[in-house]
Amino acid sequence: MKVLNAEMTSLLDKLYNLRGSDSVVLLSMEKEREAALETKDKTSALKTELQTKINDLTAEENILADEGAKLQAALSAINKEQFTTVIQHLGIDFDPEMLRRRVDEKLPETIEKVAIEKKSAGEELVKVEDEMNEAITKIEELGIRRDEAISNQERLNKYFDLALNSNINITRDEITSLLAKFDFTEEEQREAAKLLMFPEDGLFDYESSYGQKKDIERQASEYAKVLKEQTTVTPEKETIIPVSVETQPILKEEETASLVVDTPVQPNNENTTITRDKLMEFLKKYSFDELDFTENDIDLMLKNFDADLFASNIELLDKCDVPKDVFNDNIELMYDKELNAKIDKLISVGKTPQDMYLNPNVLTKYDLGELNSAIKMLIDSGLDPKNVPLMAY
């Protein structure tokens, strides 16, 4: 029986995400669909607006042509000489011939401007209709892809149900061909197939931790929802909402400083350079094999070598009964100057060495200050860090 390591946990995190409604595949499709719907609605409204504009411009163009022709005819029929006396007595500046020439000059130009504006609106309408049709096609395609994704998700959940009931009867090829549709690499497909076909090698452990994590997330969500409602209803009162999570006393850092190692590690700055052979000789003393580490791991150890610090961290995890193979995929732990303090902190909130072995990334991704902040956030949210799986930190 294999122990669930960080690599397996990461792979199962990815697989379990694909099993639920929060699947990155489904959420990505939904995001695309929302964007396409927004484009469809926007272009549909713009299409209507442009069609109205084109109709108005067409009517304006026709009216200008009709009324312009009538005005030209009317001005041409007027003989100014017939109205000389009245024009002089009234002091009117009336010259129908000059007006006719201005109409003849301005009318075609004005009609042409309206025609150009209408043509531009027509060209814009074609573009808008193309964009709208593309959005409609995209929505239809996403509907088909979503149906396929849900079908694949159902198959994946079926495989997991069979595996978790120790009744897996699916071939490796069936599993890998399904995972290929989710864009898993060939290596990920092989490892996932192993976990499903041999669930005792880590899947059972993960399922148990995953259930706990979901319970905590549900409680946190309910707590946040109730707190928001209470704050909205009575903002002038401080409302304390109890959460059904068992609370544990949280010790101060100074009270836990000696839970694992009595004194903090003092790095030996004299060990500034070391050869590869000397490093291997050092590691051999602690029963490590050169094949346990990648070339990158070895380079990092050579770069950060400190005999006292390395020895102290190795002995620290040994004293905590954490298998030394945890260093194989987490070489940063070898030269982490805050490792002792971080382990103390996690132990103070109820975590066990086994928790840390199964989720070593909580030790590598946080420095001490960030770890303290993460734990404080859980406590401030009304959650007990002991009951929150480390994978959720």
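The structure is a predicted model, and the protein averages a pLDDT of 83, with 82% of the residues scoring at least 70. Confidence falls in particular stretches of the chain. Over residues 215-224 the pLDDT is below 50, and this stretch makes 12 contacts in the model beyond near neighbours in sequence. Where pLDDT is low, the predicted coordinates should not be read in detail.

The packing of two helices was examined next. Two packed helices are described by the angle between their axes and the distance between the axes. For helix H9 (residues 276-285) and helix H10 (residues 295-303), the axes come within 11 Å and cross at roughly 95 degrees. Angles of 65 to 115 degrees count as roughly perpendicular, and H9 is therefore roughly perpendicular to H10. On the side of H9, the contact is made by Arg276, Leu279, Met280 and Leu283, while H10 contributes Glu295, Ile298, Met301 and Leu302. Divided by class, this contact of H9 with H10 comprises six nonpolar residues, two charged residues and no polar residues.

The largest pocket holds about 330 Å³ of space. This pocket is lined by 14 residues, of which Asn5, Glu7, Met8, Leu11 and Glu191 are the closest to its centre. Helix H1 (6-19) and helix H6 (186-197) are the elements that give two or more residues to the lining of the largest pocket. By class, that lining has eight charged, four nonpolar and two polar residues.

The residues that line the largest cavity are Leu317, Val322, Val326, Leu333, Met356, Tyr357 and Leu363. In terms of class, the lining of the largest cavity consists of seven nonpolar residues, with no polar and no charged residues. The lining of the largest pocket, by contrast, includes eight charged residues.

Technical notes. Residues are numbered from 1 along each chain as its sequence is written. This is a predicted model: local features need pLDDT of at least 70, side-chain atom pairs count only at pLDDT 80 or more; totals for chains, interfaces and linings use all residues. Side-chain values use heavy atoms; hydrogens and water are left out. Axes are lines fitted to C-alpha atoms, for helices over the stretch in contact, and angles run from 0 to 180 degrees between N-to-C directions. Helices (H or I, at least four residues) and strands (E, at least two) are DSSP runs, numbered from the N terminus. Angles under 35 degrees count as roughly parallel, over 145 as roughly antiparallel, 65 to 115 as roughly perpendicular and the rest as oblique. Contact means heavy atoms within 4.5 Å. Ala, Val, Leu, Ile, Met, Phe, Trp, Tyr, Cys and Pro count as nonpolar, Asp, Glu, Lys and Arg as charged, and the others, Gly among them, as polar. pLDDT is the predictor's confidence in each residue, from 0 to 100. On a 1 Å grid over the protein atoms alone, a cavity is a set of points where a 1.4 Å probe fits but cannot get out, and a pocket is an open set with protein on both sides within 12 Å along at least five of seven lines; lining residues have an atom within 4 Å of a point. Grid points are joined across faces, edges and corners, and a volume is the space filled by probe spheres set on the points.
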